[in-house]
Amino acid sequence: MEEEGSSSGADDCLKLLRGERDEQRLAGLLLVTKFCNKDDHTAILKVYDAVGPQFLHRLLRTGTGKRSDGGGDNRDTYLQLSITVLAAFCRVPQIAASEDMVTKIPLIIETMSRETGSPIIQECYEFLFLVSTANEEGVKTLYKSGGLNVLASQMMILPDGSHMIEHAMRLVQIIVIKLPSERVYSEHPTDLSMVVAAVAKQFALLQNALKFEALHLLSAILSNGYSAHVYDALRLMENDVWSTNMRIGIVAILQNRVAPSHKLQALVLAECVISIVGEGWLIGEINLTDYEDSLPADRCIVLVLESSRVEIAVLLNDLAYLKYEASMASSNREDILVKQRNLGVAFSLVEKIIKLISSFGGEESTINAVISESTFTKIISGLNETIVVVLDYLQDTKKHGQMKGDDLLAAVRLIGSYLAEAPDACKDKVTELLGYMLSIEGENELRPFYSICFLLPMLCQITLKTGGCKILASSGAFREVVGCLIALIDQNNYTSEDNGSIFLACDTILNLLLKREQIKFPSDDPSFIRLLVALSHWAEGTDDASIIMMASSICSLILDLTSEEALLNHPDFTSGNIGSLSKIIGRSFAMCGQDLISDDAKAEVDLFQIITSAYSSWADRTLVHLMRPALQYKDVSFTVHLFWTD
């Protein structure tokens, strides 16, 4: 009887819904919820077919006040009923994907922007989510209707962990994934930064499956190739609560038993946050909801380092297997690329930790004021072990004759970052692999360049000692440094970063040349003659005393080292080069003679001593007579005499 009664009631509803008058259909809609199970898609389809899309559209327009009659005193009732019914209908994918539902998105968005805090908002979110997931046109319409702006403005005030915040997060993820990134990120950087701040709060607070959805969404937004404008918007925020929430959420992921993929994504997110706010983010207060006491401020840096170290060890092992033992199928190639990208993230995080530790200046009191002594010891030990693992990987790739690859270049960069702070670390392994590391090329490089730049800080330090110079000279690796310096000068776009690399390369070569008598150093090496030409171009047209003095000192030492025959017979060395050399050396004498070097520029005075000493060695050679007509400054010998007698 109950089934018959239920069936009879449903039939009566359908009759009302098929009625000619709107009043009948309205009554049918009000009754239908008593007889229609929300999971019974067949019954819902019957109701939808009976009521028809036109009546639903009229009802929604009446509720939103878009009709001429305005809906009168019942407008709110009509609005609530229409949105409730629409959300219920859209639980059937076939209905949700229909064009009729897509066309209602602008009205729903408008309603949401007007009815903030209304009970119908939850069903608005449900409707948008169901339609956007069922029809790609729904996503486009959602975006064109200002949906991202509405979502961003409401997410921070939605109840934590609610179905609304869940739907809102998923809607943003659909927009970010399915629509062109170059458009979304360029048009809505501020909205996306607001989304990041809101989702970061959920990421920190929640301890359920939604925490992982927050992790995925944050990673998707911040690791996108077009997210630079979002980074800028986040930096402009009045407070950095969002970054603190990120730290809390990431620590929770890294210190718990979760899937490796989640930990990797947490590392990706950590790398993004550091790129926005700096390495100092790794150290800070952490309050987790499940703990009465806050965790130590250095917990984050320890967890990030340990997790990165694990990833590096696993990924390097996997890459070695895929490259040298597994079959080279196309799927294997894709797997290698994915692992190389993940390796890049882990390498980057370790580099940032090295940078942060080095910023403390090596003073124990300064370090211990920020992190505990035991933590610092643990970090240094972990870094040492990781560098050994990376060097072992390079030793393996060298054995297999591989010289090219972005993973190899990234490995050299990491090693270079560490050795810049600890040049004597892993000395035997570094000495053995130095020549190989300097010859490594990136995937898109035609010759080694970046690998040399990454190692310049370490090379500059080790060549302060004779032993380091011997290593560079005996292996022939000095030619790579010379070639790198020439390439840096030839780029002719001297940014501050380029100038830093140029001076590091100059200092390295200067160290070598000053110890030329103590090491087995080849004279008349053609690479040095090419360097003479490059340095003379570098110093031309500049009034920067540091550039003029550095170029002049290296050129003076090369002229002392190189025979006149080798110079004059070299195809790249012309009479014009002789003139250029004479000008920069002459300018260096003039600068000191006219007191153009500042009193505190001790380094430049030291360079002038090098220039005058070298000049006195080759002053009587024929080459000087070739140079003399091009000298702009008179009485160079007199200037030298004055300098030494002073």
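At 24% relative accessibility, A220 counts as partly exposed, a class that lies between buried (under 20% relative accessible area) and exposed (over 50%), as computed with a 1.4 Å probe on protein chains only. This is a predicted model, in which local features need pLDDT of at least 70 and side-chain atom pairs count only at pLDDT 80 or more, while totals for chains, interfaces and linings use all residues. Residues are numbered from 1 along each chain as its sequence is written, and side-chain values use heavy atoms, with hydrogens and water left out.

**Surroundings of A220**

- A220 belongs to helix 15, which covers residues 209–222; helices (H or I, at least four residues) and strands (E, at least two) are DSSP runs, numbered from the N terminus.
- Once the neighbours within four places in sequence are set aside, A220 is in contact with V176 and Y185, where contact means heavy atoms within 4.5 Å.
- Although A220 and Q265 are 45 residues apart in sequence, their C-alpha atoms are 9.6 Å apart in space.

**Salt bridges**

- Side chains of opposite charge can pair when their charged atoms come close.
- The structure has 19 salt bridges, each defined as a side-chain nitrogen of Lys or Arg within 4 Å of a carboxyl oxygen of Asp or Glu.
- One of them joins the side chains of K140 and E137, with 3.4 Å from N to O, and because these residues are three apart in helix 10 (residues 136–144), they are separated by about one helical turn.
- Within this pair, K140 is partly exposed at 32% relative accessibility, and E137 is partly exposed at 41%.
- Another salt bridge is formed by E385 and R309, whose closest N and O atoms are 2.6 Å apart; since E385 lies in helix 22 (residues 373–399) and R309 in helix 19 (residues 299–324), the pair ties together parts that are 76 residues apart in sequence.
- E385 is partly exposed, having a relative accessible area of 42%, whereas R309 is buried at 18%.
- D560 and R516 also form a salt bridge, with the closest N and O atoms 2.8 Å apart; D560 is in helix 30 (residues 545–561) and R516 is in the loop between helix 28 (496–514) and helix 29 (526–539), so the pair ties together parts that are 44 residues apart in sequence.
- Here D560 is partly exposed at 22% relative accessibility, while R516 is buried with a relative accessible area of 17%.
- Salt bridges with shared partners also join E166, R170 and E213 into one network.

**Aromatic rings**

- There are five aromatic pairs in the structure, counted where rings of Phe, Tyr and Trp (its six-membered ring) have centres within 6.5 Å, with planes under 30 degrees apart called stacked, over 60 edge-to-face and the rest tilted.
- F449 and Y450 form an edge-to-face pair, 5.1 Å centre to centre with 75 degrees between the planes; F449 is buried at 11% relative accessibility, and Y450 is partly exposed with a relative accessible area of 43%.
- F503 and W538 are likewise an aromatic pair of the edge-to-face kind, 5.5 Å centre to centre with 65 degrees between the planes, and since F503 lies in helix 28 and W538 in helix 29, this pair ties together parts that are 35 residues apart in sequence.
- Of these two residues, F503 counts as partly exposed at 22% relative accessibility, whereas W538 is buried with a relative accessible area of 3%.
- Ring pairs also link F449, Y450 and F454 into a cluster.
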